[in-house]
Amino acid sequence: MGSKLLLHPIQFVLFHLVMEILLLEVDFHPGLNVLVGPNEAGKSTVVEALYDVLFQPIKLKRSVRADNLFQQRARRFPDGDHAHLQLIFQVNRTTYTLTKHWQQGKSYIGLFDGKHTLVEEETILRRMESF
């Protein structure tokens, strides 16, 4: 039997130099989840945040188009901006917290399982692939 993945509320925070703060918390439930709302309600933002926290590397490269698009989305202002994403999910009976923080010279990643924290991106990717 395969692993069972359960998403908990996704915490998504963006800080900009102009002190614009966006905080979203979305509850996902087992089965199919559908995001519904008017234009500019944040549906695409939730999908992009989920993609970014799972797949966007910590070290961004100017030569990679996806990295440039992420920077345009998350760090609209150069010099000092940062983006912070946190995803809490459960595999089998273990709750994990995946945290990614992008900031010039201070980016980090962490995967916490309630007892231990992994901080190397390659190790975290291998662990996540094992789910």
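The text below moves from the overall fold to the paired strands, then to the core and the cavity.

The model is a predicted one, in which local features need pLDDT of at least 70 and side-chain atom pairs count only at pLDDT 80 or more, while totals for chains, interfaces and linings use all residues. Residues are numbered from 1 along each chain as its sequence is written, and side-chain values use heavy atoms, with hydrogens and water left out.

**Overall fold**

The secondary structure comes to 3 helices and 6 strands, where helices (H or I, at least four residues) and strands (E, at least two) are DSSP runs numbered from the N terminus. Read from the N terminus, the elements follow the order β-β-α-α-β-β-β-β-α. Of the 131 residues in the protein, 31% are buried, buried meaning under 20% relative accessible area with a 1.4 Å probe and protein chains only. Among contacts (heavy atoms within 4.5 Å) with a separation of 6 or more, 45% are between residues 24 or more positions apart.

| Strands | Sense | Bridges | Residues between strands | Turn residue and phi |
|---|---|---|---|---|
| β3 and β4 | antiparallel | 10 bridges | 2 residues | N92, about 55° |
| β4 and β5 | antiparallel | 5 bridges | 4 residues | G105, about 80° |

Both of these pairs form hairpins, and the phi listed for N92 is positive, as is that for G105. Because 9 of the 10 residues of β3 are buried, β3 is largely enclosed by the rest of the structure. The strand β4 is also mostly covered, with 8 of its 10 residues buried.

**The nonpolar core**

A nonpolar core is here a set of buried Ala, Val, Leu, Ile, Met, Phe, Trp, Tyr and Cys residues joined through side-chain atoms within 4.5 Å. The largest one has 16 residues, and those with the most contacts inside it are F89, L98, W102, L111, I124 and M128. Two or more residues of this core come from each of α1, β3 (82–91), β4, β5 (108–112) and α3, with β3 giving the most, at 5 residues. Leaving aside residues up to four places away in sequence, I124 touches L98, I109, G110, L111, L118 and V119.

**The cavity**

What space does the largest cavity hold? A cavity is a set of points on a 1 Å grid over the protein atoms alone where a 1.4 Å probe fits but cannot get out, and its lining residues have an atom within 4 Å of a point. The count comes to 1 cavity of 30 Å³ or more, and the largest cavity holds about 30 Å³, the volume being the space filled by probe spheres set on the points. Its lining consists of V53, L54, L98, K100, I109, I124, L125 and M128. At least two lining residues come from each of α1 (43–55), β4 (94–103) and α3 (121–129), and α3 gives the most, with 3 residues.

Technical notes: 1 Å grid on protein atoms, 1.4 Å probe; cavity = no way out; pocket = protein on both sides within 12 Å on 5 of 7 lines; lining within 4 Å. Buried < 20%, exposed > 50% of the residue type's maximum accessible area, 1.4 Å probe, protein only. Pairing = 2+ DSSP bridges.
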